[in-house]
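Hi,

Here is the structure I said I would pass on. Could you open it next to this email and follow along?

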Amino acid sequence: MAAKYEEMMKSKGFLPYNLDTLPAKFIQIAKEELGETNEVRRSTLEQLRKRILKDKKLKCPTDDKFLIQFLRARKYDVDKAMELLYNYFNLITSYPHFFEKPDKEKMDKLASSNFVNLLPFRDNDGCLVLTIKMEKWDPDDINVEVLFCLATAVVFCLEIYPASQICGVRIIFDAKNYSLKHLRRLVPRYIPLVAKALRNCLPVRFKSIHVVNEANIFHYVWSILKIALSEKIKSRIFFHGDNMEDVHKFIPKEVLTYEYAGDCTSYNIGVVKEVDKIYDRFLMMIKTFFS
(Lines give C-alpha, C1' and ligand atoms only; values in the text may rest on other atoms or scores of the structure.)
Protein backbone atom coordinates (compact mmCIF):
# COMPACT_ATOMS: atom_id res chain seq x y z
CA MET A 1 0.00 0.00 0.00
CA ALA A 2 2.74 2.46 0.99
CA ALA A 3 4.80 1.56 -2.10
CA LYS A 4 1.82 2.23 -4.37
CA TYR A 5 1.26 5.57 -2.69
CA GLU A 6 4.88 6.58 -3.23
CA GLU A 7 4.73 5.55 -6.88
CA MET A 8 1.56 7.58 -7.34
CA MET A 9 3.07 10.66 -5.71
CA LYS A 10 6.25 10.48 -7.78
CA SER A 11 4.25 10.05 -10.97
CA LYS A 12 2.35 13.24 -10.14
CA GLY A 13 5.54 15.17 -9.44
CA PHE A 14 5.22 15.53 -5.66
CA LEU A 15 8.64 15.69 -4.02
CA PRO A 16 9.57 13.97 -0.74
CA TYR A 17 10.09 16.00 2.43
CA ASN A 18 13.69 14.81 2.89
CA LEU A 19 15.42 16.47 -0.06
CA ASP A 20 19.18 16.44 0.43
CA THR A 21 19.80 18.50 -2.70
CA LEU A 22 17.85 21.36 -4.25
CA PRO A 23 15.96 20.62 -7.48
CA ALA A 24 16.40 23.21 -10.21
CA LYS A 25 12.87 24.57 -9.69
CA PHE A 26 13.62 25.30 -6.02
CA ILE A 27 16.82 27.08 -6.96
CA GLN A 28 14.70 29.22 -9.28
CA ILE A 29 12.16 29.88 -6.49
CA ALA A 30 15.02 30.99 -4.23
CA LYS A 31 16.22 33.38 -6.92
CA GLU A 32 12.80 34.82 -7.76
CA GLU A 33 11.25 35.00 -4.27
CA LEU A 34 14.28 35.51 -2.04
CA GLY A 35 16.79 37.12 -4.39
CA GLU A 36 19.23 34.28 -3.74
CA THR A 37 22.30 33.85 -5.93
CA ASN A 38 25.71 32.42 -5.14
CA GLU A 39 27.13 35.93 -4.82
CA VAL A 40 24.26 37.24 -2.67
CA ARG A 41 24.52 34.20 -0.41
CA ARG A 42 28.28 34.55 0.00
CA SER A 43 28.20 38.31 0.56
CA THR A 44 25.33 38.39 3.04
CA LEU A 45 26.69 35.46 5.06
CA GLU A 46 29.95 37.36 5.43
CA GLN A 47 28.14 40.56 6.45
CA LEU A 48 25.91 38.80 8.97
CA ARG A 49 28.81 36.88 10.51
CA LYS A 50 30.87 40.06 10.94
CA ARG A 51 27.98 41.80 12.68
CA ILE A 52 27.49 38.89 15.07
CA LEU A 53 31.17 38.72 15.95
CA LYS A 54 31.21 42.44 16.71
CA ASP A 55 28.13 42.19 18.93
CA LYS A 56 29.06 41.72 22.58
CA LYS A 57 25.60 40.53 23.68
CA LEU A 58 24.66 38.06 20.98
CA LYS A 59 26.16 34.61 21.45
CA CYS A 60 25.29 32.12 18.75
CA PRO A 61 26.80 29.75 16.17
CA THR A 62 28.26 31.53 13.16
CA ASP A 63 28.60 28.69 10.65
CA ASP A 64 26.92 29.03 7.25
CA LYS A 65 24.42 26.24 7.92
CA PHE A 66 23.03 28.05 10.94
CA LEU A 67 23.04 31.60 9.56
CA ILE A 68 21.53 30.85 6.14
CA GLN A 69 18.18 30.04 7.80
CA PHE A 70 17.82 33.61 9.01
CA LEU A 71 18.90 35.16 5.72
CA ARG A 72 16.46 33.07 3.71
CA ALA A 73 13.65 33.80 6.16
CA ARG A 74 14.20 37.52 5.57
CA LYS A 75 14.97 37.43 1.86
CA TYR A 76 18.65 38.23 2.35
CA ASP A 77 18.02 41.54 4.07
CA VAL A 78 20.92 41.50 6.53
CA ASP A 79 19.33 44.03 8.91
CA LYS A 80 16.11 42.02 9.12
CA ALA A 81 18.01 38.74 9.42
CA MET A 82 20.00 40.20 12.31
CA GLU A 83 16.79 41.34 14.00
CA LEU A 84 15.26 37.88 13.56
CA LEU A 85 18.35 36.22 14.98
CA TYR A 86 18.30 38.55 17.98
CA ASN A 87 14.63 37.77 18.57
CA TYR A 88 15.31 34.04 18.33
CA PHE A 89 18.21 34.36 20.78
CA ASN A 90 16.10 36.39 23.23
CA LEU A 91 13.15 34.03 22.94
CA ILE A 92 15.24 31.04 24.00
CA THR A 93 17.34 32.76 26.64
CA SER A 94 14.20 34.21 28.24
CA TYR A 95 13.12 30.67 29.13
CA PRO A 96 16.21 28.97 30.56
CA HIS A 97 14.10 26.42 32.45
CA PHE A 98 12.88 25.13 29.07
CA PHE A 99 16.21 24.70 27.38
CA GLU A 100 19.21 24.48 29.70
CA LYS A 101 18.52 20.85 30.63
CA PRO A 102 16.35 19.27 27.91
CA ASP A 103 14.64 16.02 28.87
CA LYS A 104 15.40 14.02 25.73
CA GLU A 105 13.55 10.94 26.97
CA LYS A 106 10.33 12.92 27.45
CA MET A 107 10.86 14.74 24.13
CA ASP A 108 11.16 11.37 22.38
CA LYS A 109 8.03 10.12 24.13
CA LEU A 110 6.00 13.13 22.98
CA ALA A 111 7.41 12.93 19.46
CA SER A 112 6.62 9.21 19.26
CA SER A 113 2.99 9.90 20.17
CA ASN A 114 2.38 11.66 16.81
CA PHE A 115 1.88 14.97 18.59
CA VAL A 116 3.96 16.45 15.79
CA ASN A 117 4.69 14.86 12.45
CA LEU A 118 6.12 15.63 9.05
CA LEU A 119 4.14 14.41 6.08
CA PRO A 120 6.22 12.41 3.60
CA PHE A 121 5.60 14.57 0.52
CA ARG A 122 5.69 18.31 -0.07
CA ASP A 123 2.84 20.24 -1.63
CA ASN A 124 2.82 21.63 -5.18
CA ASP A 125 4.77 24.70 -4.05
CA GLY A 126 7.47 22.64 -2.36
CA CYS A 127 6.21 23.49 1.13
CA LEU A 128 6.85 21.08 3.96
CA VAL A 129 3.58 19.99 5.59
CA LEU A 130 3.63 19.51 9.34
CA THR A 131 0.81 18.32 11.61
CA ILE A 132 0.27 19.07 15.30
CA LYS A 133 -2.35 17.05 17.18
CA MET A 134 -3.27 18.49 20.55
CA GLU A 135 -5.09 15.36 21.69
CA LYS A 136 -1.75 13.50 21.65
CA TRP A 137 -0.35 15.75 24.39
CA ASP A 138 -1.22 14.75 27.94
CA PRO A 139 -0.17 17.69 30.14
CA ASP A 140 -0.27 15.46 33.22
CA ASP A 141 2.46 13.29 31.72
CA ILE A 142 4.47 15.72 29.58
CA ASN A 143 4.98 19.23 30.91
CA VAL A 144 4.94 22.46 28.92
CA GLU A 145 8.72 22.75 29.08
CA VAL A 146 9.16 19.50 27.16
CA LEU A 147 6.51 20.51 24.64
CA PHE A 148 8.19 23.81 23.77
CA CYS A 149 11.65 22.28 23.75
CA LEU A 150 10.48 19.65 21.26
CA ALA A 151 8.77 22.30 19.12
CA THR A 152 11.98 24.35 19.02
CA ALA A 153 14.01 21.26 18.10
CA VAL A 154 11.60 20.43 15.27
CA VAL A 155 11.99 23.97 13.91
CA PHE A 156 15.76 23.49 14.15
CA CYS A 157 15.34 20.37 12.00
CA LEU A 158 14.50 22.66 9.08
CA GLU A 159 18.18 23.51 8.73
CA ILE A 160 18.72 19.99 7.40
CA TYR A 161 16.65 20.62 4.31
CA PRO A 162 17.27 23.88 2.42
CA ALA A 163 14.09 23.26 0.43
CA SER A 164 12.06 23.89 3.58
CA GLN A 165 13.88 27.17 4.22
CA ILE A 166 13.22 28.31 0.66
CA CYS A 167 9.67 27.09 0.06
CA GLY A 168 8.33 27.41 3.59
CA VAL A 169 6.04 25.38 5.82
CA ARG A 170 2.33 24.73 6.01
CA ILE A 171 0.94 23.58 9.37
CA ILE A 172 -2.21 21.67 10.18
CA PHE A 173 -3.05 22.37 13.81
CA ASP A 174 -5.54 19.74 14.87
CA ALA A 175 -7.44 21.03 17.92
CA LYS A 176 -9.52 17.88 18.31
CA ASN A 177 -10.19 17.16 22.00
CA TYR A 178 -8.51 20.39 23.08
CA SER A 179 -9.58 20.48 26.72
CA LEU A 180 -9.64 22.61 29.84
CA LYS A 181 -6.53 20.73 30.93
CA HIS A 182 -4.67 22.02 27.86
CA LEU A 183 -6.12 25.47 28.37
CA ARG A 184 -4.98 25.75 31.99
CA ARG A 185 -1.41 24.77 31.10
CA LEU A 186 -1.04 27.28 28.26
CA VAL A 187 -3.35 30.23 29.02
CA PRO A 188 -2.55 32.89 29.94
CA ARG A 189 1.05 32.25 30.99
CA TYR A 190 2.44 31.01 27.67
CA ILE A 191 0.27 32.86 25.17
CA PRO A 192 2.91 35.64 24.87
CA LEU A 193 5.53 32.99 24.09
CA VAL A 194 3.41 31.48 21.30
CA ALA A 195 2.69 34.94 19.89
CA LYS A 196 6.38 35.89 19.89
CA ALA A 197 7.34 32.65 18.20
CA LEU A 198 4.83 33.20 15.40
CA ARG A 199 5.43 36.91 15.03
CA ASN A 200 9.13 37.45 14.35
CA CYS A 201 11.28 34.98 16.24
CA LEU A 202 11.62 31.78 14.22
CA PRO A 203 13.69 31.33 11.04
CA VAL A 204 10.70 29.84 9.23
CA ARG A 205 8.60 30.99 6.30
CA PHE A 206 5.08 30.22 7.54
CA LYS A 207 3.04 29.96 4.35
CA SER A 208 -0.19 29.01 6.10
CA ILE A 209 -1.54 27.55 9.35
CA HIS A 210 -4.75 25.55 9.20
CA VAL A 211 -6.73 24.95 12.39
CA VAL A 212 -9.08 21.97 12.16
CA ASN A 213 -11.54 20.24 14.49
CA GLU A 214 -11.63 23.26 16.77
CA ALA A 215 -14.32 23.54 19.45
CA ASN A 216 -15.57 26.69 21.20
CA ILE A 217 -12.92 26.41 23.89
CA PHE A 218 -10.21 26.85 21.28
CA HIS A 219 -11.87 29.96 19.87
CA TYR A 220 -11.51 31.43 23.35
CA VAL A 221 -7.75 30.86 23.13
CA TRP A 222 -7.70 32.40 19.67
CA SER A 223 -9.52 35.51 20.90
CA ILE A 224 -6.59 36.12 23.26
CA LEU A 225 -3.76 35.04 20.97
CA LYS A 226 -4.79 37.08 17.93
CA ILE A 227 -4.41 40.33 19.86
CA ALA A 228 -0.66 39.79 19.97
CA LEU A 229 -0.17 38.63 16.37
CA SER A 230 0.79 40.70 13.36
CA GLU A 231 -1.73 41.24 10.58
CA LYS A 232 0.54 39.29 8.23
CA ILE A 233 0.48 36.18 10.41
CA LYS A 234 -3.25 36.49 11.12
CA SER A 235 -3.92 36.59 7.37
CA ARG A 236 -2.22 33.19 7.05
CA ILE A 237 -4.24 31.41 9.74
CA PHE A 238 -7.40 29.66 8.60
CA PHE A 239 -10.12 27.87 10.57
CA HIS A 240 -11.84 24.91 8.95
CA GLY A 241 -13.73 23.02 11.65
CA ASP A 242 -14.31 19.54 10.27
CA ASN A 243 -14.56 20.70 6.64
CA MET A 244 -11.59 18.89 5.14
CA GLU A 245 -12.57 19.75 1.59
CA ASP A 246 -11.91 23.34 2.58
CA VAL A 247 -8.40 22.35 3.68
CA HIS A 248 -7.83 20.78 0.24
CA LYS A 249 -8.15 24.25 -1.31
CA PHE A 250 -4.79 25.04 0.31
CA ILE A 251 -3.08 21.66 0.58
CA PRO A 252 -3.70 18.95 -2.04
CA LYS A 253 -5.48 15.88 -0.74
CA GLU A 254 -2.76 13.67 -2.26
CA VAL A 255 -0.36 14.97 0.38
CA LEU A 256 -2.72 14.67 3.34
CA THR A 257 -3.47 11.71 5.56
CA TYR A 258 -6.76 9.87 5.95
CA GLU A 259 -7.72 11.96 9.03
CA TYR A 260 -7.93 14.95 6.72
CA ALA A 261 -9.67 13.09 3.86
CA GLY A 262 -6.35 12.64 2.11
CA ASP A 263 -4.67 9.90 0.09
CA CYS A 264 -1.59 9.33 2.23
CA THR A 265 -1.64 5.75 3.49
CA SER A 266 1.57 5.70 5.52
CA TYR A 267 2.97 8.79 7.13
CA ASN A 268 4.81 8.10 10.38
CA ILE A 269 8.09 9.69 9.34
CA GLY A 270 9.54 9.35 12.80
CA VAL A 271 10.12 12.80 14.25
CA VAL A 272 12.39 11.21 16.85
CA LYS A 273 14.82 10.23 14.08
CA GLU A 274 14.64 13.70 12.56
CA VAL A 275 15.38 15.33 15.91
CA ASP A 276 18.20 12.86 16.52
CA LYS A 277 19.88 14.07 13.32
CA ILE A 278 20.21 17.59 14.70
CA TYR A 279 20.18 17.02 18.44
CA ASP A 280 23.92 17.47 19.02
CA ARG A 281 23.89 20.70 17.00
CA PHE A 282 20.75 21.80 18.80
CA LEU A 283 22.44 21.28 22.19
CA MET A 284 25.52 23.10 20.94
CA MET A 285 23.37 26.09 19.93
CA ILE A 286 21.65 26.13 23.32
CA LYS A 287 25.00 25.90 25.12
CA THR A 288 26.36 28.78 23.04
CA PHE A 289 23.28 30.91 23.68
CA PHE A 290 23.67 30.53 27.45
CA SER A 291 27.46 30.80 27.57
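Some housekeeping before that. This is a predicted model, where local features need pLDDT of at least 70 and side-chain atom pairs count only at pLDDT 80 or more, while totals for chains, interfaces and linings use all residues. Residues are numbered from 1 along each chain as its sequence is written, and side-chain values use heavy atoms, with hydrogens and water left out. Helices (H or I, at least four residues) and strands (E, at least two) are DSSP runs, numbered from the N terminus.

**Cavities and pocket**

The search runs on a 1 Å grid over the protein atoms alone: a cavity is a set of points where a 1.4 Å probe fits but cannot get out, and a pocket is an open set with protein on both sides within 12 Å along at least five of seven lines. Lining residues have an atom within 4 Å of a point. Grid points are joined across faces, edges and corners, and a volume is the space filled by probe spheres set on the points.

Over the whole structure, 2 cavities of 30 Å³ or more turn up. The largest cavity holds about 970 Å³ and has 43 lining residues, with Ile 132, Phe 148, Phe 173, Val 194 and Leu 198 nearest its centre. Helix α8 (residues 144-156) gives the most to that lining, 7 residues.

The largest pocket comes in at about 420 Å³. It has 18 lining residues, and those closest to the centre are Ala 73, Arg 74, Val 204, Lys 232 and Arg 236. Two or more lining residues come from each of α11 (191-200), β4 and α13 (231-234), with α11 supplying the largest share at 4 residues.

Helix α3 (residues 38-54) has 17 residues and spans 25 Å from its first C-alpha to its last, close to the 24 Å expected at 1.5 Å a residue (the expected span is 1.5 Å times one less than the number of residues). Its buried residues (under 20% relative accessible area; exposed is over 50%, partly exposed in between, 1.4 Å probe, protein chains only) are Thr 44, Leu 45, Leu 48 and Ile 52. Seen down the axis of α3, they fall within an arc of 110 degrees, so they line one face of the helix; the arc is that of the directions from the helix axis to the C-beta atoms. They pack against α4 (64-73) and α5 (78-93), where contact means heavy atoms within 4.5 Å. Leu 53 and Lys 54 are exposed on the other side of α3.

In helix α7 (residues 104-112), the buried residues are Lys 104, Met 107, Leu 110 and Ala 111. They sit within an arc of 125 degrees seen down the axis of α7, so they also line one face of the helix. Their cover includes β1 (116-118), α8 and α15 (271-289). Exposed Glu 105 and Ser 112 are on the face of α7 turned away from the buried side.

Ser 208 is in strand β4 (residues 206-212) and counts as buried at 2% relative accessibility. Its side chain makes polar contacts (N or O atoms within 3.5 Å, one able to donate a hydrogen and the other to accept it; residues adjacent in sequence count only if both atoms are side-chain atoms) with the side chains of Arg 170, at 3.0 Å, and His 210, at 2.8 Å. Beyond four places in sequence, Ser 208 is in contact with Val 169, Arg 170, Ile 171, Arg 236 and Phe 238.

Arg 72, in helix α4, is buried too, at 6% relative accessibility. A polar contact of 2.8 Å links its side chain to that of Gln 165. Among the residues Arg 72 touches beyond four places in sequence are Leu 22, Glu 36 and Arg 205.

**Backbone details**

Which bond joins Val 187 and Pro 188? A cis peptide bond, with omega about 0 degrees; Pro 188 is in the loop between α10 (180-186) and α11.

Asn 213 is near 55 degrees, in the loop between β4 and α12 (216-225), and is partly exposed at 22%.

Cheers
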